[in-house]
Each structure stands twice: as C-alpha cells, then as structure tokens.
Amino acid sequence: MDENKLLKEFNSEIDSAFQKAWHCERGGDENWNNFLNTYSVTPLSKENKDFLLNSEMKIVRGAFPIELRRIYEKILEKYRILESSSPLLSSALSKFDMEAKVKEYYQKIKPFTGLGDIFKNAATGTQKYSQGLQQAKQKTMTCKNCGAPRLEEMQYDNCLFCGSKLFEIKE
Ligand SMILES: [Zn+2]
C-alpha cells in the first residue's frame, strides 16, 4: 500500500473516533458502546460513569475521555504493525501525543466558562477538594493531564476520567 494512503487512513481513523466520541450523548450512548465494541474496548462500568457524572469533572456532552483514549490506543496498536512499510506513518505514530490529544478532547466536552474562568474554577474545585481531604488528613493526588482528583478509596492505576498515568501531589 502506498505510504501516503496509510498515513491518511491513520489520521482519518483517529479523527472519526474523536468525532464519534464528541457527538455521542453525555457519558456515552448505545452507538458509542457499539463503536467501543468494534475495537474490543470495554466501556466504563455504570458505577464509574455515575461517579464521574456526579464528580467535579463536569462534561456537557460526549463520551468520557478515558474511553476515547482506549480507542486511540487500539488504533495506534493496529498501525504500529504497518509502520515499517511507511516512514511517514512511523513518524506520525511517534509524534502522536496521547496526553495532549486526550486533553484536547476534554477541552471540547467541558462546560464553557470563558477563558478567564477556567483556571479560577479549577483552583476553586481543587481547593474545595483539598479542604475535604485535609479534614481526612490525606494528600490530594490529582491527574497531571486533566486535573481530576484521585480518590484513595477507589482502586485504580490510571486517572478514571482521562486514563492518564501521570499524577501529581497537590499540597
Ligand atoms: Zn485525568
């Protein structure tokens, strides 16, 4: 296959996953679940979805970022097998910045608060959360990518909201 075509196919598959996620109902819907299924990605459990929908990580539309990340991972996996036949594809794969892509998606599904308010709101949320945790004498672990708090009582390695492995401690 000519290598330009491979690169185009890769880009359009990434893009259509983004569009599907963005256009589904808030928190996912049946079409989105079917789409996840075609990539053998398991949707978040209902328990986790309910938890996220009630968390401070507000979204106004679309699937949860962690599910889109899982799709992206599958797409990358699929094209990595072909990369030796296309330097163009290979370079696109190595330049693919997962954290940035997932964050870009998150920016599209969160409520619009105006540019000035984004950081203010984030700070208020974190502060409120920190206060709660200080009462419980714990440190706040937050996702470095999306800012979601990591809850100790829930056992998971990656951010439940966006799937990132990167956490930082907020004092
Ligand atoms: Zn996150």
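Student: What makes Glu3, Asn4, Leu6, Leu7 and Phe10 in H1 meet residues in H5?
Tutor: In this predicted model, they meet Pro87, Leu88, Leu89, Ala92 and Leu93 in H5, where contact means heavy atoms within 4.5 Å. The residues of this contact divide into eight nonpolar, one polar and one charged, with Ala, Val, Leu, Ile, Met, Phe, Trp, Tyr, Cys and Pro counted as nonpolar, Asp, Glu, Lys and Arg as charged, and the others, Gly among them, as polar. Local features need pLDDT of at least 70 and side-chain atom pairs 80 or more, while totals for chains, interfaces and linings use all residues. Residues are numbered from 1 along each chain, and side-chain values use heavy atoms, without hydrogens and water.

Student: Why is H1 called roughly parallel to H5?
Tutor: Helix H1 (residues 3-23) and helix H5 (residues 87-95) pack at an angle of about 30°, with axes 7 Å apart. Angles under 35 degrees count as roughly parallel, so H1 is roughly parallel to H5.

Student: How do you know that strand E1 and strand E2 pair?
Tutor: Two strands pair if DSSP finds at least two bridges between them, and E1 (residues 140-143) and E2 (residues 149-150) pair in the antiparallel sense over two bridges. Met141 stands opposite Arg150 in E2.

Student: Which residues does Phe161 touch, not counting residues up to four places away in sequence?
Tutor: Phe161 touches Leu52, Met57, Ile59, Phe64, Pro65, Ile66, Tyr106, Cys146 and Ala148, with that exclusion applied.

How values were computed: Helices (H or I, at least four residues) and strands (E, at least two) are DSSP runs, numbered from the N terminus. Axes are lines fitted to C-alpha atoms, for helices over the stretch in contact, and angles run from 0 to 180 degrees between N-to-C directions. Angles under 35 degrees count as roughly parallel, over 145 as roughly antiparallel, 65 to 115 as roughly perpendicular and the rest as oblique.
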